[in-house]
Every structure is written in structure tokens, then in C-alpha cells.
Amino acid sequence: MPETPILRLENVHKSYGDTFAIHDVSLDVDRGELVCLLGPSGCGKTTLLRIIAGLESMDSGTISFDGQNVQGVTPHSRGFGLMFQDLALFPHMDVFGNVGFGLRMQGMSSDRVQMRVDEMLELVDLGNYRNRKIHELSGGERQRVALARSLAPAPKLLMLDEPLGSLDRVLRESLQVQVRSILKEIGVTAIYVTHDKDEAFALADTIVFVDRGAVVQAGPPEALFRAPATEMVARSLGLRNLIPGTIVRASDSVEVASTVGTLVAGGSPPDGMMTGDDVLVIINERGLSIAPVRHGSAGNGIELSGVINARKFRGGESEIHITVGQGEVVAIAPSNDAQSSLTAGDDIFVFVPPESITLLPPSQG
Ligand code: ADP
């Protein structure tokens with residue numbers, strides 16, 4: 001049986017004057033879940049976080065935490081932790097003083113503060129930094145001190161707003177992995193705001209994609225990349241196989257004529273669409289297989305013939321750009337797969353299974 005969500009937002013609305021900042025947002029977060037709110041700047045992520053924290057009022061809607069409506073509960077009494085990009089570490093205190101600050105404010109005895117701070121510093125791998133001054137720390141170490149400080153009072157929910165936004169890319173990528181593993185180690189429920197899809201992908205159990213104040217899609221990162229709900233989500237995730245087409249037949253599957261040839265998707269057309277309608281086809285880059293000879297009758301997908309025009313190696317993967325018909329398809333495959341010797345100029349066949357295809361109404365989002 002699915003467990004009851006620890007945080008539930010129902011039909012939350014907020015406007016500033018006549019502009020909607022948050023429009024009818026409903027969202028469930030499970031205990032221990034790490035949720036990333038992802039979306040372009042100005043889409044309402046911070047406003048939503050501040051509403052959940054109680055720092056901002058909402059016009060209508062309900063928010064409950066652990067089964068209790070939080071309406072009227074002060075931000076402090078909600079017992080949530082916050083970490084912002086501006087870390088607001090106290091420069092005149094050492095690491096110990098910073099991490100223990102909230103605990104002392106709660107009236108915790110000094111013995112217990114010592115124990116808890118040491119435990120938190122071990123957690124963020126700064127066990128030997130207890131007496132360092134803040135100005136003696138690197139940018140990444142400061143972030144870890146700030147994380148330890150926000151985790152020390154054992155918040156029921158941790159909210160992080162672009163906490164790594166001020167760091168350079170390399171440091172940010174290594175901290176994303178650390179932050180995820182720290183949050184998972186203690187099992188805290190967390191909501192993490194970012195506009196960076198790679199960050200959301202590295203961190204999240206669930207990505208909640210926000211566009212113009214509304215949630216347009218929520219799901220595991222892989223699901224958003226595999227089947228984006230709107231063109232806006234697809235473009236924001238950097239997906240490249242966005243191919244215009246026209247529905248030519250719809251029965252138990254959907255046949256689409258497109259610039260790369262006839263494609264076949266499973267299921268039925270998007271709501272209200274029928275034969276003759278224009279459609280946007282999205283092909284999952286990781287759902288394709290390529291080979292120098294025909295794949296044969298594996299499954300009920302279709303096979304396109306094409307020519308590789310570029311192959312780029314990235315980490316353990318390669319990105320293969322293939323000219324097909326009047327268009328181009330990008331496939332991502334492990335660099336060491338059976339076809340790793342295929343290179344630019346080679347004639348190949350691309351197998352497109354129906355489950356790799358998502359159909360959307362054109363110009364949506
Ligand atoms: P994000 O965090 O996704 O960048 P925000 O939540 O900060 O977006 O902003 C959402 C929208 O609400 C923006 O259009 C922003 O200009 C507007 N907004 C946010 N705070 C205020 C405010 N205090 N007064 C008026 N408009 C605001």
C-alpha cells in the first residue's frame with residue numbers, strides 16, 4: 001500500500017497584484033523523498049518554497065504536513081529547515097559555533113550540542129574543521145558547514161533554494177553528489193529548488209517541473225527525459241529529437257509521417273487529436289539502437305536507414321548524430337557497446353521502438 005505523503009499541497013494559488021505567481025499547485029511529497037523543483041527563472045519556485053515554509057502567504061489552497069493543516073502555524077513552529085544560496089554563515093564564529101547555533105538557541109545542553117555538532121561535521125566530512133574560521137574555508141567547505149547547520153536541529157523537512165548556485169561548475173557537480181548522499185544517509189525529506197536540469201537530474205528522486213507558476217510534470221528524472229509532458233519541458237531538459245510530423249493513421253498504434261520517415265508510436269494520439277493533425281514527435285535519445293545491418297523483426301518498432309554525421313564521446317557514453325531522411329536523429333549509447341566502432345560516414349540502421357516515442361500537440365507549453 002502506498003504510504004501517506006508527509007507533505008501535501010492542494011490547489012495552492014498566489015498572485016501579486018494581477019499576476020499569478022503560483023497557479024493551482026497540488027503536490028505530494030513522501031517521507032524521505034528528495035524533490036527538486038525545476039523550472040526557468042521567474043516560474044515561481046522560490047515563491048512556492050516560501051509558501052511551504054510559511055514565509056509567504058497564499059491566496060487559497062491547503063498545505064498539510066504529517067496530516068496536520070499548517071495554516072496559521074508560524075514558520076518557526078513548522079520545524080522546517082532552510083538553506084539558501086546566500087548561506088548567511090556567521091563570520092565571527094568558527095565552524096563549531098555556526099553548526100551549533102540553532103541547537104543553543106533551542107536551549108540544548110552544551111554536552112549535547114558538542115555531540116550533535118560532531119555528528120553533523122562527520123556527516124559532511126568536516127570532522128577536523130571544528131575550530132576553523134569561516135574565512136579559512138573554501139567555497140565547497142562553506143556549503144557543507146551550512147548544510148550541517150541546517151541539518152543539526154533535525155528538521156522535519158529541509159528546503160534548499162539554489163544552495164550551490166554561486167559555485168563554479170566542477171565544484172557544484174561534486175557537491176551535488178555529496179549533498180544527495182548526505183540527505184539520503186539521514187533520510188530527511190527535502191525540497192530543493194534549482195533551474196539547472198543537470199543538478200535536478202543528479203539530485204532528485206522526483207523532479208517537479210514548474211512553468212509559469214504551475215506544475216506541468218512530476219516524476220522520476222528518467223521519466224521526464226523519456227516522456228516529457230510538454231514541448232517546454234522537452235526543450236528545458238535539452239532534448240534534441242523534437243520532430244514535426246502529421247498523424248497518418250491511428251488505431252491500436254499511431255503512425256506519423258515526419259521529416260525522418262514514418263514513425264510508429266504505441267497507444268493512442270494525444271487527447272483530441274486525430275488523423276491529419278500535426279503533432280510533435282519526441283524520440284527518447286536513449287531508447288534507440290543502431291547497427292550496420294537491419295535489426296530484423298525485433299519487436300514492433302520501425303527501422304530507419306541513415307548515415308552517421310558525427311559521433312561525440314562524453315564520459316562513458318557517446319552521442320551519435322545520424323542524418324535520416326530530411327532530418328536528424330540523435331542517439332545516446334554506452335561508448336563500449338557492440339556498435340562502438342561505428343563512426344562518421346557509416347551507413348547504419350536505427351531501430352525506433354514504439355515506447356521510445358512521445359507524441360505532443362505542436363507548439364504546446
Ligand atoms: P523563481 O524562484 O522560479 O525564479 P519566483 O518565485 O522568485 O521565481 O518568482 C515568481 C514570480 O513572482 C516572478 O514573476 C516574480 O517576479 C514574482 N514575484 C516574486 N516575489 C514577488 C513579490 N514579493 N512581489 C511581486 N512579485 C513577486
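When one helix lies across another, the crossing is called right-handed if the near helix is turned clockwise from the far one by less than a right angle, and left-handed if it is turned anticlockwise. Keep that in mind as you look at the structure above, which is a predicted model.

Let's start with helix H3, which covers residues 95-105, and helix H4, which covers residues 110-123. Their crossing is right-handed. The two pack at an angle of about 125°, and their axes sit 9 Å apart. H3 and H4 are therefore oblique to each other. Which residues of H3 meet H4? They are Val-95, Phe-96, Val-99, Gly-100, Leu-103 and Arg-104. On the H4 side you'll find Val-113, Gln-114, Arg-116, Val-117, Met-120 and Leu-121. Sort this contact by class and you get eight nonpolar, two polar and two charged residues.

H3 has another partner to look at: helix H5, made of residues 139-151. Here the axes come within 7 Å and cross at roughly 30°. An angle under 35 degrees counts as roughly parallel, so that is how H3 and H5 are described. This crossing is right-handed too. From H3, the residues Val-95, Asn-98 and Val-99 take part, and they meet Val-145, Ala-148 and Arg-149 in H5. That contact divides into four nonpolar residues, one polar and one charged.

Now follow H5 over to helix H6, residues 169-186. Their axes come within 11 Å and cross at roughly 20°, so H5 and H6 are roughly parallel to each other. Once again the crossing is right-handed. H5 brings Gly-139, Gly-140, Gln-143, Arg-144, Leu-147 and Leu-151 to this contact. H6 answers with Leu-171, Leu-175, Gln-178, Val-179, Ile-182, Leu-183 and Ile-186. By class, there are eight nonpolar, four polar and one charged residue between H5 and H6.

Zoom in on a few of them. In Tyr-16, an N or O atom of the side chain is 3.5 Å from a nitrogen atom of the ligand. Cys-43 uses its backbone instead: a polar atom there is 3.1 Å from an oxygen atom of the ligand. Lys-45 goes back to the side chain, with a polar atom that lies 2.9 Å from a ligand oxygen.

Technical notes. Residues are numbered from 1 along each chain as its sequence is written. This is a predicted model: local features need pLDDT of at least 70, side-chain atom pairs count only at pLDDT 80 or more; totals for chains, interfaces and linings use all residues. Side-chain values use heavy atoms; hydrogens and water are left out. Axes are lines fitted to C-alpha atoms, for helices over the stretch in contact, and angles run from 0 to 180 degrees between N-to-C directions. Helices (H or I, at least four residues) and strands (E, at least two) are DSSP runs, numbered from the N terminus. Angles under 35 degrees count as roughly parallel, over 145 as roughly antiparallel, 65 to 115 as roughly perpendicular and the rest as oblique. Contact means heavy atoms within 4.5 Å. Ala, Val, Leu, Ile, Met, Phe, Trp, Tyr, Cys and Pro count as nonpolar, Asp, Glu, Lys and Arg as charged, and the others, Gly among them, as polar. A polar contact is a pair of N or O atoms within 3.5 Å; within protein, one must be able to donate a hydrogen and the other to accept it, and residues adjacent in sequence count only if both atoms are side-chain atoms.
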